[in-house]
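Student: Please take a close look at one part of this model, namely a helix pairing, and describe it in one connected account. I should like the cut-offs behind each term to be stated as you proceed.

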Amino acid sequence: QKDWLQKNRNMLLYGILLLSFLGLLMGWKLLPDPVQMTVAQEGSENVTLSKDMAMGAHFLLSAGFGAAFWFRPREIVYFLASILGLLLTFGVLYLNVGM
């Protein structure tokens with residue numbers, strides 16, 4: 001698996017970063033300015049963030065770990081963290097626009 005990731009890292013990273021960038025653009029266009037997120041703790045409460053901060057943080061998570069995966073392609077953790085950032089980007093869109 002590690003050799004397959006190293007061999008195909010360019011295509012994987014281009015796909016992840018393209019989807020992250022498209023999610024970022026959709027978030028800036030579709031989300032209302034105060035974005036609400038729920039903290040997963042006892043007595044969870046809603047946290048309100050600006051859409052720029054929420055979408056920017058998730059895009060930087062994808063891009064930052066994508067860059068780390070670029071330089072160290074045998075580390076699966078960096079690849080999975082980059083995918084997590086992508087999922088968080090679309091998760092915020094789904095929870096604030098789709099529901």
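Tutor: Helix H3 has as its buried residues Lys 51, Ala 54, Met 55, His 58, Ser 62, Gly 66 and Phe 69. These residues cover an arc of only 100° around the axis, which puts them on the same side of H3; the arc is taken over the directions from the helix axis to the C-beta atoms. Buried means under 20% relative accessible area, exposed over 50%, and partly exposed in between, with a 1.4 Å probe and protein chains only. The face of H3 turned away from this buried side carries the exposed residues Met 53, Leu 60 and Phe 71.

The model is a predicted one, in which local features need pLDDT of at least 70 and side-chain atom pairs count only at pLDDT 80 or more, whereas totals for chains, interfaces and linings use all residues. Residues are numbered from 1 along each chain as its sequence is written, and side-chain values use heavy atoms, with hydrogens and water left out.

For context, the protein has four helices and two strands, arranged along the sequence in the pattern α-α-β-β-α-α. Helices (H or I, at least four residues) and strands (E, at least two) are DSSP runs, numbered from the N terminus. Of the 99 residues, 26% count as buried. Among the contacts with a separation of 6 or more, 61% come from residues 24 or more positions apart; contact means heavy atoms within 4.5 Å.

The 21 residues of H3 should span 30 Å at 1.5 Å a residue, and its end C-alpha atoms are 30 Å apart, which agrees. The expected span is 1.5 Å times one less than the number of residues.

H2 has its own buried set: Leu 12, Leu 13, Ile 16, Ser 20, Gly 23, Leu 24 and Gly 27. They cover an arc of only 105° around the axis, which puts them on the same side of H2. On the face turned away from that side are the exposed residues Met 11, Tyr 14, Leu 18 and Lys 29.

How do the two helices meet? The axes of H2 and H3 (residues 51-71) come within 10 Å and cross at roughly 175°. Axes are lines fitted to C-alpha atoms, for helices over the stretch in contact, and angles run from 0 to 180 degrees between N-to-C directions. The crossing therefore makes H2 roughly antiparallel to H3, a term for angles over 145 degrees. The residues making this contact include Leu 13, Leu 17, Ser 20 and Phe 21 of H2, and Phe 59, Ser 62, Gly 66 and Phe 69 of H3. By class, the contact has ten nonpolar, seven polar and three charged residues. Here Ala, Val, Leu, Ile, Met, Phe, Trp, Tyr, Cys and Pro count as nonpolar, Asp, Glu, Lys and Arg as charged, and the others, Gly among them, as polar.

Ser 62 of H3 counts as buried at 0% relative accessibility. Beyond residues up to four places away in sequence, Ser 62 touches Leu 17, Ser 20, Ser 82, Gly 85 and Leu 86. Ser 20, in H2, is buried with a relative accessible area of 1%. Leaving aside neighbours within four places in sequence, Ser 20 is in contact with Phe 59, Ser 62 and Leu 86. The C-alpha atoms of Ser 20 and Gly 85 are separated by 8.0 Å, although these residues are 65 residues apart along the chain.

Leu 13, also in H2, is buried with a relative accessible area of 4%. With neighbours within four places in sequence set aside, Leu 13 is in contact with Gly 66, Phe 69 and Trp 70. Leu 13 and Phe 79 are 66 residues apart in sequence and 8.5 Å apart in space, C-alpha to C-alpha.

How values were computed. Parallel < 35°, antiparallel > 145°, perpendicular 65-115°, else oblique.
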